Every structure is written in structure tokens, then in C-alpha cells.
Amino acid sequence: MAIARNTTLAAALGASLLMPACAFAADLAEQPYVEPLPVATGGWYLRGDIGYKFYNSPNIAFVTPTYTDPWNNTSLDNTWMLGAGVGYKFNDYFRADATVDYEFNASAYGEGYCGGCSGLGYSIETADISAWTMLLNGYIDLGTYAGLTPYVGAGIGTSYLETSNISYINPNGVTGTWNGAGQWNFAWALMAGASYAITPNTALDLSYRYLNLGDAVSGYIPAGGGGTIQYNNIDANEIRLGLRYSFY
């Protein structure tokens, strides 16, 4: 009887010791769910770009009130550009930015008929053309794969084209220069590229852009009845490398 009484006592004591441990384990298992902090997917960013422009051949002509003299063998040399901008990422799929680009001087070339050269042929006409471009751009990001985000985009805005160092060499050896001028135009662009996340806030951006800059014009030329040289439909294909820093 004494042995049975001791066994019962020991069992009761053991049960009393196990109950707090079980209750503690149950408390651990039944901790309330805590909503995780939201991950930011949008916000402001800054960007900087460098690129190389492959200009297409413009339409160049000497234009007067009474006639137009189109030039032959026209071309516009390739050149470099620098750009900067500020933008906002609305979500994982859409962002927009405002950019300002400066395109360094490119040399325009053309051969214009020399009416005062006794039928000797064409004059060689050259000019430098520089450009400022200001665009509002929108982009659609097509998803991120191993840190790489392809995208497409478009932009509209304005450009300021300025001509300088306008000169000619006539077939009879006569040379001269004309005044340059500046002109504002409507500008637009289409682009496609991909960015790579170097850090959570920094992305390297490689892209192609087609850019239509509009027209450029010389100053007044008091020859051939008086007029201007017009450099029409100036557009380019660009390869651009950029860096974006996000504040989110």
C-alpha cells in the first residue's frame, strides 16, 4: 500500500511539472500572425546617360522666296551626347521621366549648284549642327529576370538645333562663310533596352533610341536672291549607356 501511494504521488508530481512546459509550447505554437512590412515598388529616381548618335542623311536645300535648290550627296556626321533626368516609378511595370540631352557638334555636308560659277559645277557646303533635346518619356518594364529588366518606351518634347561654322568652297576656288542660327522644333523618340540591378537602388541601363529632332536653319544668306539653307528631317539612331539611382 505504501508503494502504491508513493507511485501515485510521483505521477501527480510529474504531471504538475509537465503542465507549464506544455502550456509554454502551446503559447509558442499559437503566436499571432504579424503582417510583414510592405516592400517599396515605386518612387523617385535620378538618371545620367552617355551615348553615340548615328545620324541619317538630312534633306538640305537653299531656299529663297522664288525657288528651292536641293543639295546632292548630303550627310551628317555621327557624334556623342550627354544626358540627365529625373523620374518616378509608379509600380513594377510603369515609370516616367523628364530628360535633357546635349548632342555635340556634327558636321553637315552637301553639294549645292553654283549659279555664279560659269557652269563649273557644284559648291561644297558644310556646317556644324548641335542640339539640345528635352523630352517627357514613359516606359513599360516587362518583368525582371535574374536582375535584368527589359523595357520599351516613347517620348515627346522639344529640341533646339543650332547651326555654326557654315562655309562653302566653289568649284572656281572661291570660299566664304555664312551666319548660323537656332531653331526650336517638336521632337519625339522611341526606345527599347534593359536595365540591370547593381544594388537595390542602382541600375545600369543599356538602350537603343530612335530620335527625330526636326529641322535646322542657317542665318540669312544674301546670295542667289536671298534665302536660307534648310537642314530638314534630322533624325538619328542612338546607343546609350546610363545609370539610374532610385530613392526607394
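**Aromatic pairs, salt bridges and the nonpolar core**

The model is a predicted one. Tyr52, at 26% relative accessibility, is likewise classed as partly exposed. A total of 14 aromatic pairs was found. In one of them, Tyr52 and Trp80 are arranged edge-to-face, with a centre-to-centre distance of 4.9 Å and an angle of 65 degrees between the planes. This pair connects distant parts of the chain, since Tyr52 belongs to strand S1 and Trp80 to strand S5 (residues 79-89), 28 residues apart. The pair of Phe62 and Tyr67 is also edge-to-face, because its planes lie at 65 degrees, with the ring centres 6.4 Å apart. Phe62 is buried, at a relative accessible area of 11%, whereas Tyr67 is partly exposed at 35%. A single aromatic cluster is made up of Trp44, Tyr88, Phe90 and Phe94.

Arg95 is placed over two aromatic rings. The distance to the ring centre is 4.3 Å for Tyr139, over whose face Arg95 lies. For Tyr151, the charged end of Arg95 sits over the ring at 4.8 Å from the centre.

The structure contains 11 salt bridges. Among them is the pair of Arg47 and Asp97, whose closest N and O atoms are 2.8 Å apart. Arg47 in strand S1 and Asp97 in strand S6 are 50 residues apart, so distant parts of the chain are linked. Both partners fall under the 20% limit and so count as buried: the value is 8% for Arg47 and 4% for Asp97. A further salt bridge joins Arg240 and Asp49, at 3.7 Å from N to O. Here the partners lie 191 residues apart, Arg240 in strand S12 and Asp49 in strand S1. Arg240 and Asp49 are both buried. Arg240 also forms a salt bridge with Glu238, with a closest N to O distance of 3.2 Å, and Glu238 is buried too. Through shared partners, one network of salt bridges takes in Arg47, Asp49, Lys53, Asp97, Asp101, Glu103, Arg209, Glu238 and Arg240.

The largest nonpolar core comprises 27 residues, of which Tyr55, Leu76, Ile129, Leu213, Ile229, Tyr231 and Ile234 touch the most other members. Elements contributing two or more residues include strands S1 (43-55), S7 (122-141) and S12 (228-246). The largest contribution, 5 residues, comes from S7. Beyond its neighbours within four places in sequence, Ile234 contacts residues including Tyr55, Leu76, Ile129, Leu161 and Leu213.

Methods. Residues are numbered from 1 along each chain as its sequence is written. This is a predicted model: local features need pLDDT of at least 70, side-chain atom pairs count only at pLDDT 80 or more; totals for chains, interfaces and linings use all residues. Side-chain values use heavy atoms; hydrogens and water are left out. A nonpolar core is a set of buried Ala, Val, Leu, Ile, Met, Phe, Trp, Tyr and Cys residues joined through side-chain atoms within 4.5 Å. Buried means under 20% relative accessible area, exposed over 50%, partly exposed in between (1.4 Å probe, protein chains only). Helices (H or I, at least four residues) and strands (E, at least two) are DSSP runs, numbered from the N terminus. Contact means heavy atoms within 4.5 Å. Rings of Phe, Tyr and Trp (its six-membered ring) pair if their centres lie within 6.5 Å; planes under 30 degrees apart count as stacked, over 60 as edge-to-face and the rest as tilted. A charge sits over a ring if NZ of Lys or CZ of Arg is within 6 Å of the ring centre and within 35 degrees of the ring normal. A salt bridge is a side-chain nitrogen of Lys or Arg within 4 Å of a carboxyl oxygen of Asp or Glu.
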